[in-house]
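Welcome! Have the sequence and the 3D view ready, and try each exercise before you read its solution.

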Amino acid sequence: MNDRAFPPPVIGLLLTGGGARAAYQAGVLQGIAQIARASGATCGQGGPSPFQVLAGTSAGAINAAGLACGADRFDHAVAMLADVWGQFHAEQVYRADSLAVIRTGAPWLTMMSFGWAVARFRRLRPRSLLDNSPLEALLHRLMRFDRLPQLMRDGRLQALAVTASSYTSGQHVTFYESLHELPPWTRSQRVAVRTAIGVRHLLASAAIPFVFPSMPLEMPEGREWFGDGSMRQAAPISPAIHLGADRVLVVGAGRMHEPGGRHVQAQGYPSVAEIAGHALSNIFLDALAVDVERLQRINTTLALLPPEARARTPLRPVEALVIAPSQRLDDLAAAHIDSLPLTIRTLLRSVGVTGHGASGGSALASYLLFEPGYTRALIALGLADTLARRDEVQRFFGWPEPARLNPPQLTAMPSSPASLPCPAAPPPR
């Protein structure tokens, strides 16, 4: 049988949101590159990315865009992401100086506390708790979106998707860039828009509600204001599937593989920080588990159908591998809260963040802890979790069993001559 009748599967990558928690994804990607290198796959040795479809939400959208812009050399792109995350400081993401916090955080807290008394003063109209203009400057320096069209023409990348939530329309919007025309999809409260992805799309997707300012983006009907793409995201895996992925590697930011059992520490009435952390966990973490279960049910149902019935349905089986933290990131964050700038610690204390475990508001802090002690711990955890599941990773990509993996490292992998090619992108369909 001619091998051309069976093109290699299109492999997609979904990177979810979670603010500073997304440093975990850099560790997972390091683990994949290390397994690829040990298996002899070219994507671990200076070759192109094994992912033809990249989809991301919130901070995961930033990671996905970084991989897309470096799709011609996977290990280099992964090393760049790990280096950035490993050296992060809060001042690179949001302004943490006293004047900036007074200009943004203080008015916001004042409106929350005394809004009934000051609402008539129009000058007090804060847009967010923090000013993320440093992140915008960083993204402009790091992201080479001008490379995407050529990478797609060269077959290194099939599509990049970034999701955001429109405050204007209430819809969840997937912005995607692809070389060839792909039919946009419309579902209940979900639409897709083909466009050239840029920094403003990343800022919109990563605009944590209340914390970072919303971002205006152009839509076919006019300008709309967007916030974090994790809000109202009922089907996180959907964009990768719509863009042609047959297999999807999903990298989460918590809960799915955390230690089981109830984790109860708090006593008494919850603080604002505890409530805010719980709300953010609902926004960032809960939808993914539901969508993975839905995908598994669809795959099981399709497997029960006879071939002629399967041929009549538009549904198709999609293999998914989910890698998520094996430890509670809230607890990990609690050990690093003191590394935040004094102004931010003071601001967080005002809403109940004390740093004493989950009951001290560490869940809220875990999304804002852009400090190297915390991010490096997340990278190390992501790397260890991935290497612990190397057999599953090898089967997912179809790589042979490696002879022996080196101990987890946080350094970039060196390049070496290619030997075994990674799955190549098939012709657009």
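**Exercise 1. What percentage of the contacts in the protein with a separation of 6 or more is accounted for by residues 24 or more positions apart?**

Before we start, note that this is a predicted model, where local features need pLDDT of at least 70, side-chain atom pairs count only at pLDDT 80 or more, and totals for chains, interfaces and linings use all residues. Residues are numbered from 1 along each chain as its sequence is written, and side-chain values use heavy atoms, with hydrogens and water left out.

Step 1. A contact means heavy atoms within 4.5 Å.
Step 2. Among contacts in the protein with a separation of 6 or more, residues 24 or more positions apart account for 77%.

**Exercise 2. Find the salt bridge of Arg 247, and say where in the chain its two residues sit.**

Step 1. A salt bridge is a side-chain nitrogen of Lys or Arg within 4 Å of a carboxyl oxygen of Asp or Glu. The structure has 8 salt bridges.
Step 2. Arg 247 pairs with Glu 319, at 3.5 Å from N to O.
Step 3. This pair links distant parts of the chain, 72 residues apart: Arg 247 is in strand β9 (residues 247-251) and Glu 319 in strand β10 (residues 319-323). Strands (E, at least two residues) and helices (H or I, at least four) are DSSP runs, numbered from the N terminus.

**Exercise 3. Is Asp 75 buried or exposed?**

Step 1. Buried means under 20% relative accessible area, exposed over 50%, and partly exposed in between (1.4 Å probe, protein chains only).
Step 2. Asp 75 has a relative accessible area of 1%, so this residue is buried.
Step 3. Now look at its salt-bridge partner, Arg 73, at 3.3 Å from N to O. Arg 73 has a value of 36%, so Arg 73 is partly exposed.
Step 4. Arg 144 is partly exposed at 43%, while Asp 146 is exposed at 53%.

**Exercise 4. Which residues of α1 meet α3?**

Step 1. Locate helix α1 (residues 23-39) and helix α3 (residues 74-86).
Step 2. On the α1 side you find Ala 23, Ala 26, Leu 29, Gln 30, Ile 32 and Ala 33, which meet Phe 74, Val 78, Leu 81, Ala 82 and Trp 85 in α3.
Step 3. Sort these residues by type: the contact has 10 nonpolar, 1 polar and no charged. Here Ala, Val, Leu, Ile, Met, Phe, Trp, Tyr, Cys and Pro count as nonpolar, Asp, Glu, Lys and Arg as charged, and the others, Gly among them, as polar.

Technical notes: Axes are lines fitted to C-alpha atoms, for helices over the stretch in contact, and angles run from 0 to 180 degrees between N-to-C directions.
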